[in-house]
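Biologist: I have the sequence and the structure open. Can you walk me through the packing?

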Amino acid sequence: MSAAVQAVPDVDGAPPEEGKGSKLKLIIAAAVVLAVAAVGAFMFLGGGGEEAADEAMEPVPMEMSSTEGEVVEVATMTVNLAGEQLRYAQVGFAVVLSMEADSSLVEGRFPLLQDAALTELSQFEPDELRTTEGMERLRAVLTARAAELWPDGEVLRVVLTGLLVQ
């Protein structure tokens, strides 16, 4: 009992393609998929033109004084921002302590600084946080709130360790 394998013709009556023709179609399809993936990766990873450049956070050089001590990470928080659209920011921040400050004593009040940060951040518009001026204003506002929480000068300033606006 042997069964013969017979090629079934296409709709137009032509025999099915074999060999090089079907391989060529597969290669072309794969090339198209790779090209689309490459363009998507380029746009996603920062090659998106002016908009991507605006969203990039540029480091701001800060001079450290001789009175500054340890830098202690406070938190990374996700906060809803002001405005009609539902937008949020993920912000990481730390405090710069004076040389005399004991980090173990300062850390006990971090939840109060986080609460203040939630209040202050929720008043920022998304576009404002994407600018250097907006980031500077956020640092200044958080530093002022830290001065209220540590009136003896244990915390000198607040620094941003990360900022992502969505």
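Modeller: The axes of helix α4 (residues 110-121) and helix α6 (residues 132-149) come within 10 Å and cross at roughly 145°. Axes are lines fitted to C-alpha atoms, for helices over the stretch in contact, and angles run from 0 to 180 degrees between N-to-C directions. Helices (H or I, at least four residues) and strands (E, at least two) are DSSP runs, numbered from the N terminus.

Biologist: Which residues make the contact between α4 and α6?

Modeller: From α4, L112, L113, A116, A117, E120 and L121; from α6, L138, V141, L142, R145, A146 and L149. Contact means heavy atoms within 4.5 Å. Ten of these residues are nonpolar, none polar and two charged. Here Ala, Val, Leu, Ile, Met, Phe, Trp, Tyr, Cys and Pro count as nonpolar, Asp, Glu, Lys and Arg as charged, and the others, Gly among them, as polar.

Biologist: Before I go on, where do the numbers come from?

Modeller: This is a predicted model: local features need pLDDT of at least 70, side-chain atom pairs count only at pLDDT 80 or more, and totals for chains, interfaces and linings use all residues. Residues are numbered from 1 along each chain as its sequence is written, and side-chain values use heavy atoms, with hydrogens and water left out.

Biologist: Now the sheet. What is the strand order?

Modeller: β1-β2-β3, in an open sheet of three strands with antiparallel pairing. Two strands pair if DSSP finds at least two bridges between them. β1 (68-80) and β3 (155-165) are the edges; each has a single partner strand, so one side of each lacks a neighbour in the sheet.

Biologist: How many bridges join β2 to β3?

Modeller: Nine, with β2 covering residues 88-98. One case is A94, whose bridge partner in β3 is V159.

Biologist: And which strands do the helices touch?

Modeller: α6 packs on the sheet against β2 and β3, its direction making about 140° with that of β3. α4 lies across β1, β2 and β3, at about 50° to β1.

Biologist: What does V71 touch?

Modeller: A94, V95, V96 and V159, leaving out residues up to four places away in sequence. V71 is in strand β1.
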